Amino acid sequence: MKYDRILIRYGELSTKGKNRNHFITHLKRNIRGVLKEFKNITIQGGHDRMFILLNGEDSEPIMEELSKVFGIQSFSLAVKVEKQIDEMKEVGLTLVKQLYQEGATFKVSTRRGDKSFKLDTNDINHAIGSYILTNLEGIKVNVKNPDINLIVDVRRDGVYMSSEIIRGAGGLPVGSSGKAMLMLSGGIDSPVAGYLTMKRGVKVEAVHFYSPPFTSERAKQKAIDLAQKMAAYNGFVKMHIVPFTKIQEIIHKQIPEGYSMTATRRMMLRITDEIRRMNSGLAIVTGESLGQVASQTLESMIAINDVTATPILRPLISMDKLEIIDIAKQIDTFEISNLPYEDCCTIFTPPAPKTRPKLDKMQYFETKVDFESLIQEAVQNVETIIVSTESKSREETFSDLL
């Protein structure tokens with residue numbers, strides 16, 4: 001028997017009340033985004049289930065893409081049958097036969113969403129299970145840890161039957177919790193921070209700083225490749241690429257060496273905040289982990305955060321490097337991040353940066369430079385592209401996004 005649809009079960013969405021449709025709408029939009037190359041499918045969103053009608057499309061690549069979509073608790077290949085117990089028995093037997101190997105065990109798990117159906121849950125389990133035992137030699141029942149779990153979902157419009165549950169990505173649909181700017185470097189941490197933020201339903205736009213000729217086109221492409229990995233979770237990521245050379249050179253020349261790193265981070269945060277304002281973002285996301293480097297002490301964070309009142313989200317704040325690396329490997333960004341191309345965070349790095357910079361000193365040093373005009377110049381020359389899962393980017397002028 002050929003499966004004709006994929007049944008999608010909601011995760012945290014199931015706990016939402018009157019605003020559940022808000023989350024379902026975002027989930028449906030994200031699924032449509034990651035499955036846009038499959039032209040024949042039809043997506044049907046319901047209050048407590050969603051279905052993808054395959055209409056002849058190959059299910060395997062579709063399921064691969066679905067496994068990355070936040071907001072999905074689990075999904076299954078399924079077939080729809082009439083609410084007739086004899087047909088349910090035959091289809092159940094066929095599905096189990098497709099997976100059966102000698103010595104395998106099974107159980108029937110029924111959910112009776114339609115309480116008007118003439119048989120209750122136990123009656124359905126017994127009727128279908130007995131039929132399979134009678135007609136499939138050698139198979140046995142194991143209700144605790146079966147090799148095959150036949151799922152029977154009785155709904156008002158029919159019965160949906162499947163034999164395998166595939167775990168989804170969980171979390172909330174990207175976009176359902178608003179939008180934030182992710183400060184995306186070429187390192188290991190920031191893509192992981194973006195991934196975890198997206199898992200909580202936040203749509204992220206990446207902000208990447210580059211400083212030619214000190215940073216190369218390969219370093220810039222590395223950041224784009226990282227953004228592409230993140231695009232797998234909702235179909236695309238908007239990326240703002242900021243020219244940062246002039247600001248870094250002036251910091252290097254006019255700010256005392258011990259404070260140059262703090263000044264650099266402050267300017268990055270001010271520019272990111274301006275891009276956030278122009279694109280209606282609600283927060284800024286960073287890959288900071290407390291105590292990992294000199295700029296990530298509490299004293300440094302105070303000195304850097306002083307430039308904005310915008311919320312700063314730090315999903316990695318309590319993680320150690322090994323935990324972050326494990327997630328980077330899981331989301332397939334680790335190898336890209338490890339490519340030996342410089343980024344602007346590593347150039348002009350002082351040999352002994354202040355780990356406990358004084359805010360009043362930092363503010364005083366900045367009064368000696370007209371940073372405001374430099375920031376506005378950088379913002380006006382931002383290059384904005386759309387990074388999609390199809391390895392293509394579409395350039396847009398910054399004015400088009402206002």
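Reader: Where is the place of serine 280?
Author: Serine 280 sits in the loop between H8 and strand E13 (283-285). Helices (H or I, at least four residues) and strands (E, at least two) are DSSP runs, numbered from the N terminus. This is a predicted model, in which local features need pLDDT of at least 70 and side-chain atom pairs count only at pLDDT 80 or more, while totals for chains, interfaces and linings use all residues. Residues are numbered from 1 along each chain as its sequence is written, and side-chain values use heavy atoms, leaving out hydrogens and water.

Reader: What makes serine 280 exposed?
Author: Its relative accessible area is 57%. Exposed means over 50%, buried means under 20%, and partly exposed lies in between (1.4 Å probe, protein chains only). Serine 280 therefore counts as exposed.

Reader: Which peptide bond is cis?
Author: The one from proline 212 to proline 213, with omega near 5 degrees. Proline 213 belongs to the loop between strand E11 (203-210) and helix H6 (217-231).

Reader: How do you know that valine 143 is exposed?
Author: A relative accessible area of 56% puts valine 143 over the limit for exposed, hence the label. Valine 143 is in the loop between strand E6 (140-141) and strand E7 (148-155). Between valine 143 and threonine 105 there are 8.8 Å in space, C-alpha to C-alpha, although they are 38 residues apart in sequence.

Reader: How do you know that the buried residues of H13 are on the same side?
Author: In helix H13 (residues 371-380), the buried ones are Phe371, Leu374, Ile375, Ala378 and Val379. They cover an arc of only 135 degrees around the axis, which puts them on the same side of H13; the arc is that of the directions from the helix axis to the C-beta atoms. Those residues pack against strand E12 (236-243), helix H7 (245-254), helix H8 (257-278) and helix H12 (359-366). H7 has buried residues too, including Thr245, Ile247 and Ile251, and its buried residues pack against E11, E12, H8 and H13.

Reader: What makes a set of residues a nonpolar core?
Author: The members must be buried Ala, Val, Leu, Ile, Met, Phe, Trp, Tyr or Cys residues, joined through side-chain atoms within 4.5 Å. The largest one here has 47 residues, and Ile6, Ile31, Leu66 and Met88 are among those with the most contacts inside it. Helix H3 (residues 85-99) gives the most to this core, with six residues. A second, separate core of 36 residues includes Leu196, Val202, Tyr210 and Leu316.

Reader: How many residues of the protein are buried?
Author: Buried residues make up 53% of the 402 residues. The protein has 13 helices and 16 strands, and its C-alpha trace spans about 85 × 40 × 40 Å along its principal axes.

How values were computed:
Contact means heavy atoms within 4.5 Å.
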